[in-house]
Amino acid sequence: MILTVETQNEYSEAMEVIETYLAKGSSNLTEPDLAELQRLSLLVERYEEEHYPMPVEPATLPEMIRLRMFQENLKQRDTAKVLGITETRLSEVLTGKRKVNMDLAKRLHDKLHIRAEYILKTA
C-alpha cells in the first residue's frame, strides 16, 4: 500500500496502480477500490501541483479566450454567436489585429466568465 507520494519513484508507483484501476473501468471496481483510487489520485495531485505546477492563467487575452473555447468545447463560430459578434471580429481579436472594446470586454466577462480584472490587465 502506497502511503505517500513524495519522490519520483513513489509517483511512478502510484500512477501504475491508478492506471490498473482505470483499466478495469469504474463499473468493475468495488467500493474499497474506488476509495483507494480516490486516495491515490489526491496524493498524486498534490505531488504534481508541487513538482509540475501549471501556469495559473494564460499571458494574453486571446490565449484566455482560446482556453475558454477549449474548456467549453466551442468552435470559433459558436464563440462568436455566444458573444454576439461576427466571426471576423472574433478572429481579429484572437490574432491580435483588433483590441477589445468595453462592450466586448463585458461580454467576455458575462458569457465566457473571464475575470474583469484579467481583461483590464491584458487588453
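Why does Tyr47 count as buried? The relative accessibility of Tyr47 is 5%, so this residue falls in the buried class (buried means under 20% relative accessible area, exposed over 50%, partly exposed in between, with a 1.4 Å probe and protein chains only). The model is predicted, and local features need pLDDT of at least 70, side-chain atom pairs count only at pLDDT 80 or more, and totals for chains, interfaces and linings use all residues. Residues are numbered from 1 along each chain as its sequence is written, and side-chain values use heavy atoms, with hydrogens and water left out.

Three aromatic pairs are found in a search of the whole structure (rings of Phe, Tyr and Trp, the latter by its six-membered ring, pair if their centres lie within 6.5 Å; planes under 30 degrees apart count as stacked, over 60 as edge-to-face and the rest as tilted). One of them, formed by Tyr11 and Tyr47, is stacked, with 4.9 Å centre to centre and 25° between the planes. This pair links distant parts of the chain, since Tyr11 lies in helix 1 (residues 8–24) and Tyr47 in helix 2 (residues 31–51), 36 residues apart (helices are DSSP runs of H or I, at least four residues, numbered from the N terminus). Both Tyr11 and Tyr47 are buried. The ring centres of Tyr47 and Tyr52 are 6.2 Å apart and the planes stand at 65°, so this pair is edge-to-face. Tyr52 counts as partly exposed because its relative accessibility is 41%. One aromatic cluster is formed by Tyr11, Tyr47 and Tyr52.

How values were computed: Helices (H or I, at least four residues) and strands (E, at least two) are DSSP runs, numbered from the N terminus.
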